Amino acid sequence: MGNRLLSMLMASAVLGGIAEAKTVIHVMHQGDPGWVSTYGEVAKRFEAANPDVDIELIYAPHDAYNEKFSAAVMSKQLPDVMELDAPFLANYVWSGYLQPIKPLIDQDIVGDMTASNIAQGTYPVDKELYAVGLTDSSVVLYGNRKYLEAIGARIPKGVDDAWTREEFEGYLQKLSKLEGVKWPIDTFRGYGIKTEWITYAYGPILQSAGCDLIDRKTWKSTGTLDSDACVDALTMMQKWVKNGWVVPQSSGTNQFFAEGHPAALALGGHWFYAEAAASMKDDIVVMPLPKFGPKGASPNGTWIWGITTASEHPDIAGKFVSFMLKDKQLREHAKETSGYPGLKSFAADSPLYAAGGPMAVAFEQASTTAVARPPHPAYPTITSAFMGAVDEIFNGGDVKAALTAAAEKIDEDIEENDGYPPFDEQQ
Amino acid sequence: MSDLAISTLPAEVTRKRSAIGSLRLIQTASILVIALVIVSPLLMLIVASLKDDRFQILADMGSFRAFWVPNPTLANFAEVGNLSGELAFGRYLLNSLFILAATVGAGLIVNSMAGFVLAWGSLRGRALILSLVIALYVIPQESIIMPLVIMVSRAGMTDTFAVQIVPWIASPLYIFLFYQFFAQLPKELFEAAEMDGASVFRIYRSIFLPLSLPALATVSILMGIETWNQYLWPILVTQTAYARPIAVAIATFFGQDSIYWDRAMAASVLMMLPILALYLAFQRWFVSSFVGSAVKG
């Protein structure tokens, strides 16, 4: 009996030793139930292929991701691999949280990245790649075919053919008087100001109108965000709201394809297509974003994967990232949710975005009009100040005053951080 | 006969009766409206949890259709009731129940003991300690949350049940509530027990605690609601699904691109039930405690 007990204890000690010998890779991510399940399955497949590695997934809700990340930084518990929103990359690299990823992942993945994907993962100071994603993103103008035909609207064929500001506002005016249309456009105010939506989707309207959130050479916002062009662009958007042309924030995010189709147009993300098309079938028209000034502009960037400087096993972390990006089931899930390709091989396997596909115009925007959000360490302040200003403007505030206050807030942050060296030398 | 009796009443009395009748009608109508306003969000939540189309739920929000479900289904509950898998909501609900029971159970013991000692103990500087306890109450949780995260992570408590229970057991508010209750009980009770040779702990356990049901009920409900609704703290200190509570799990339905209202509503109904049961179980003492506090001023 005693011998048996001794052997059991020895066996458990040996097994315990084996368990301890496993390398644990912590992976922090966000996502809805579909993505959470998919990441869990990928982790299991990776562990089956690499029995000496344990993948520990750390989930943080989308809305509280930054708080979770801050807590991880303060308690020195940064994960090995983390999902991050692309415009925050400059801040994370400048703060020393991320390490270059190019030497750590399979080189065929690096060669497979689209130009926009490389841009969203590259730090502008050392031009190194710090993060990689399977997907990217864009915003297009969705239209209800029946309503557009009823007002005799021209349907653009491609990015070069996009509506001008005059055309666009003329159609909004006509749609506002059309029977059945409650709101001419949904700009998805329903996403609120806790998400990146306002900066992500409305920023390109400013860029198309000839201004920006910040001067990307001097890294000063005053004189740019509150310039005449930006004031004019946001006065135009405020007019849409005042005229009752825009779906209000309280009406949610599906008025375009809700019963009765109360919204005629939708300035929506690529992810909106799957649900809208399933409901509207052939009645949905996908168009490029209008030109509000001399040139077209569209957003890019999404949640991508980086490896932190805290990782004790960056090589294994890189192996996991490569495995995940090549995982067939993960790609299938991305396709089901109309994932916008960030890898060329994924694009080739996505008929939705291929030439002649229903979302081809969205993919065309990536190589023609996409403008990344300002790649600067002050980005968290830039986006928060801009979103606050837009919210104030949409609620009837003075446009010039709101934009000037936001620009000053951004400049103050940059000054307080001594210009975020070496960004202060980049003029 | 009665008609005759009424007709003989002075006109002023009839007017007064009619005014009282109208007043009662207005009172009843007002109570009904207030009750309806209070109950309607709960009703809307339950109705939405029985709909299987998340877009329809959103579309119905602005109209009376939000209170009507033509084809009720329990599919959402089946999806959020699972005990295993990547998103084991049933398991997260059990996690929350365990955290609730442990926090409230330990909280009742620790806070009542502290309140008793401050009210009747022979500790020196009781008044100063009481002042410090009251002063602690005004410090908002948010301001100490990050230092607390660092402390628990250095103590190796991250991603455990203990980290969601231990820091919230002792609370200045509940210590003060118990202190107030115990201090109001007659001095003779304490002195008589002391003369009989009972120890301070015996007096607390056998005499004062059984008399403090209203205070125990009040603290149970307030502490239960506070623990049950914890959101930011578990996000910061839990990592994996092991000790994840239901409040954090529900946030999964509010994704980057989509909100899954159907399952979020079903999970919210499940989340609401235990705290509702707790309130119903203790409401008699809870209400009497509040009424008592009001009378005693």
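Does A:Lys281 count as buried or exposed, and what number of C-beta neighbours inside 10 Å decides it? A:Lys281 has 9 such neighbours, so this residue counts as exposed; the cut-off for that label is 12 or fewer. Please keep in mind as we walk through that this is a predicted model.

Let us stay with A:Lys281 for a moment. This lysine sits in the loop between α11 (272-280) and β10 of chain A. Most residues other than glycine have a negative phi, and most peptide bonds are trans. You will find B:Asp159 in the loop between α7 (141-154) and α8 (162-165) of chain B. With 19 C-beta neighbours inside 10 Å, B:Asp159 counts as partly exposed. For a cis peptide bond, turn to chain A again: the bond from A:Pro421 to A:Pro422 is cis, with omega near 5 degrees. A:Pro422 belongs to the segment after α17 (399-416) of chain A.

Now step back to chain A as a whole. Its secondary structure consists of 17 helices and twelve strands. The radius of gyration of chain A is 24 Å, close to the 22 Å that the globule rule gives for 427 residues, so chain A is as compact as a globular protein of that length. Along the principal axes, its C-alpha atoms fill a box of roughly 90 × 50 × 40 Å. Of the 427 residues in chain A, 52% are buried. Contacts also reach across the sequence: among those in chain A between residues at least 6 apart, 78% join residues at least 24 apart.

Next comes a sheet in chain A. Four strands form this open sheet in the order β8-β9-β7-β10, and the pairing is mixed. At the edges stand β8 (183-186) and β10 (284-287) of chain A, each with a single partner strand, so one side of each is left without a neighbour in the sheet. On average, neighbouring strands of this sheet are turned by 20 degrees against each other, direction ignored. Strands of a sheet pair through backbone hydrogen bonds, either parallel or antiparallel. In the case of β7 (residues 139-144) and β10 of chain A, the two run antiparallel and four bridges join them. Within this pair, A:Tyr142 stands opposite A:Val286 in β10(A).

Those two residues lead us to the core. The largest nonpolar core has 167 residues, and A:Tyr142, A:Val286, A:Val321 and A:Leu403 touch the most other members. Helix α16 (residues 379-394) of chain A supplies the largest share of this core, nine residues. Leaving aside neighbours within four places in sequence, the contacts of A:Tyr142 include A:Phe256, A:Leu265, A:Phe272, A:Ile284 and A:Val286. Apart from this core lies another, of 32 residues, among them B:Val104, B:Leu118, B:Tyr179 and B:Phe286.

An unreviewed UniProt entry annotates residues 93-282 of chain B as "domain: ABC transmembrane type-1". This span is 74% helix and 0% strand, and its end C-alpha atoms lie 21 Å apart.

Note on methods:
Residues numbered from 1 in each chain as written. Chains lettered and ligands numbered in written order. Predicted model: local features only at pLDDT ≥ 70, side-chain atom pairs only at ≥ 80, totals over all residues. UniProt positions renumbered as here; feature names shortened; annotations may be inferred. Pairing = 2+ DSSP bridges. Axes fitted to C-alpha atoms, helices over the stretch in contact; angles between N-to-C directions. Rg over C-alpha atoms; globule rule 2.2 N^0.38 Å. Buried ≥ 20, exposed ≤ 12 C-beta atoms within 10 Å, placed from the backbone. Contact = placed C-beta atoms within 7 Å. Core = buried A, V, L, I, M, F, W, Y, C linked by C-beta atoms within 7 Å.
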